[in-house]
Structures are given as structure tokens and as C-alpha cells.
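Open your viewer and switch to a cartoon view. Let's take a short walk together, one selection at a time.

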Amino acid sequence: MDTQSIMDKAIRRAQKENYPKRRDQIPLLALKRLESRKMKLMGDCMESDLHSLAKTVPSIDKLTPFVQELLNASIPLGQLRKVAGHLQKTQTLLIRLQIQAGKKAFHATTSAEVRAIRKQFTARADSFLRNAKDSMETVQQFQKHFKRLPHIEKEAFTFVLAGYPNTGKSTLLNRLTGSTPKIADYPFTTQEINVGKTEYRFLPVQFLDTPGLLDRPLTERNPIERKAMAALAHTGQHVLFVFDPTLSCGYSFEQQMSLLREIRQQFGSRPLTVILNKTDIAHETELRRAQEELRAQKIPFLTAGPDNAEEVKEKVLQNVPRNFYVTQKIPETTGSQHSN
Ligand SMILES: Nc1nc2c(ncn2[C@@H]2O[C@H](COP(=O)(O)OP(=O)(O)OP(=O)(O)O)[C@@H](O)[C@H]2O)c(=O)[nH]1
Ligand SMILES: [Mg+2]
């Protein structure tokens, strides 16, 4: 829906309107009634299109902090509030314009004047719509992002996969849950949060695959990285840090270790397991180096590759506490996907 299509639709709606069957009115009065009716129909039509667009911006404050942060990474929510306000203001202007034009038409003394009033009305309504063009586009972009929000189950125990780009997080999600996120040999393949679901002891467990993170301050992080940070900050009971000891991801041992340190510092209240990935192509020395470092730091780890997916899954799932579903009070932020 763009400004042109809204206007075209309103004009088509007005064109359907014709003189009433009763033709006992004097022609000028009939014309005034007809043109006023056309303007009302056009105004209502435009106003209702704007309304249906603006109402898709839900009350932002009711969204969970996680959803707010995810959306904010794509479209600043402050801007979205302004834009929704602008659309509402345009609706009010259209209604006012239509009332004023109706009054003017009523007081007109010639047919030509009545027709001119409707032309003016159409031109001014068109300019209001054009002014709202950017706001409409922003809302439409927002709708797209909103639709792409991850469908997170509140009740499920949640593992969050994090790590440098290209380390194999999405591949691991596929191995753990069978879900099929996009996997590719370049960084930032994953741009949204992917969710994979499975069961453990007949209870729901989910894994969130996040976009890759670089080791740098939050203020320097790009919007895609900020989604991963939002997932770590607001969701999940256990972090799986995916580490590529082969460095084929394109990032150094030190860079990955430094990110691991930062995540432990920032989100240390939650248990964390390192997944040493790509063991099928890792040299023994590469693996040993990572394992020794992790042992020295007393960080639990698992080694993973294409050949031991089932074993890794079993070991990862053993981290779900037996009493989680009985005693765990699910935090509000564990993330309904949209609101609550
Ligand atoms: N040999 C080998 N390659 C792997 C393994 N896991 C992932 N890869 C490859 O590593 C590359 C990156 O994999 P992804 O799963 O897309 O990595 P990611 O961490 O999700 O990447 P981003 O979404 O960009 O952060 C792909 O070419 C995968 O095929 C593994 O265990 N062994
Ligand atoms: Mg990925």
C-alpha cells in the first residue's frame, strides 16, 4: 500500500457514487449533495487505509524487553513512535479537510464552484498523503521485521548459541534440532534469531541460533550483532558458546577467547558450555590448545563435528535441570515473541 494506491482507491470509490434516483431536487443542490458525498467517501477511504496501517504498530511499551530490543536494532523505536503519531495526525487532518470542504460546498453558489471545491479537496488530500509517505514506508518496514520475530516458547528450557561469525552456530542448530537455517561460508549469514525446537524427557527444549558477534564494545556493534546481544541479555537459561579451533571462520584464537571472556563477564549468571566445533577438520594441536585454555579457565566444553551430532545433543541436553519445569518460575523476559 503506497500513497498513490490509497488515492487511486479513494477516487475509484468516489466515482461509483452517482446522483440519487430521486431527481426532484434542483440541480445545484443535487450536485452539492453528490460532491459532498464523494468527498466524504474519499476521506473515509483514505482515513481507514491509514488507520489500518497505523494500528499495526502495537503498543510498543507492552512488548517484552527482548522484542523491543530486537525491533530497536532494526528500526529505532523512538522513530516508530513518531511515525505512528504522524499517521494519526494525517488521519485527523483528512477528516478535518473533508468536513471543511463539505461546508464550503454547501455554501457554494454555482456548480463550477462546487466542482472546484472537490478538486481542491482532492489536491490537498493528495498532498497530506504524500507528506505521510516516509512514515508509511517506515511502518511497512516495521511490519516486515515484526513478522520475522522469532517464535519463542515461554515454557521451554532455552539454550542460546553464541559466538563469532562463521564458527558453525547455525550448523549446530541444524544438528541439534533438525531445523534448517541458512548456512554459508561467510560471516553474518544469520541476520535474525533462528529457533530450533526439540524435546528432552518429553518436555520442550529450544535453541536460539543468533547472529555472529565480534569482540567489540556494544556501542560499536552493528544492528545484526545487537540482536544476538538482546537474545543473550533477555532469553535463555544456558549459553552454548561456539568456538572454531581451526580458525577457518576467519577469526583468531585470541579474538574468540576474548569474546568468550566478555560474554562470561556480562552474562555470567547463566551456565555456559563451549562447543569446540569443526573437529572433523581440526588438527590435534589446534584442539589441544583450545582444550588446555578452557581447562585452565575451568570452562566446561564439548567437542563437536558432523560425526558426533547425537552424542553432542545428548550431552547438551543433560544440562537441562531435572526440576526446571517443576520449580522454575519462567522470567517474564524469557520471551513471548510479540507481547505480553
Ligand atoms: N568441516 C566443518 N565445517 C563446518 C562445521 N560446522 C560448520 N561448518 C562450516 O562453517 C561455515 C559456517 O557455518 P554456519 O553454520 O553458517 O556458521 P555460523 O556461525 O552460523 O555463521 P554466521 O551465521 O555467519 O554467524 C559453513 O561453511 C559450514 O559448512 C563442522 O563441524 N565441520
Ligand atoms: Mg548462522
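The tour starts at a pair of helices and then moves on to a sheet. Keep in mind that this is a predicted model.

**Stop 1**

Select residues 77-107, which form helix H4, and residues 133-147, which form helix H6. Their axes come within 9 Å and cross at roughly 125°. Angles over 145 degrees would count as roughly antiparallel and 65 to 115 as roughly perpendicular, so H4 and H6 are oblique to each other. The crossing of H4 and H6 is left-handed.

Now show side chains. On H4, pick Gln79, Leu80, Val83, His86 and Leu87; on H6, pick Ser135, Thr138, Val139 and Phe142. These residues make the contact. Colour the contact residues of H4 and H6 by type: five are nonpolar, four polar and none charged.

**Stop 2: the sheet**

Which order do the six strands of the open sheet follow? Reading across, you find S2-S3-S1-S4-S5-S6, with mixed pairing. Select 194-200 for S2 and 301-303 for S6: these are the edge strands, and each pairs on one side only. On average, neighbouring strands of this sheet are turned by 25° against each other, direction ignored.

Next, zoom in on S5, residues 272-276, which pairs with S6 in the parallel sense over three bridges. Here Val274 stands opposite Phe301 in S6.

**Stop 3: helices on the sheet**

Definitions and conventions
Residues are numbered from 1 along each chain as its sequence is written. Chains are lettered from A and ligands numbered from 1 in the order in which they are written. This is a predicted model: local features need pLDDT of at least 70, side-chain atom pairs count only at pLDDT 80 or more; totals for chains, interfaces and linings use all residues. Axes are lines fitted to C-alpha atoms, for helices over the stretch in contact, and angles run from 0 to 180 degrees between N-to-C directions. Helices (H or I, at least four residues) and strands (E, at least two) are DSSP runs, numbered from the N terminus. Angles under 35 degrees count as roughly parallel, over 145 as roughly antiparallel, 65 to 115 as roughly perpendicular and the rest as oblique. A crossing is left-handed if the near helix is turned anticlockwise from the far one by less than a right angle, and right-handed if clockwise. Two residues are in contact if their C-beta atoms, placed from the backbone, lie within 7 Å. Ala, Val, Leu, Ile, Met, Phe, Trp, Tyr, Cys and Pro count as nonpolar, Asp, Glu, Lys and Arg as charged, and the others, Gly among them, as polar. Two strands pair if DSSP finds at least two bridges between them.
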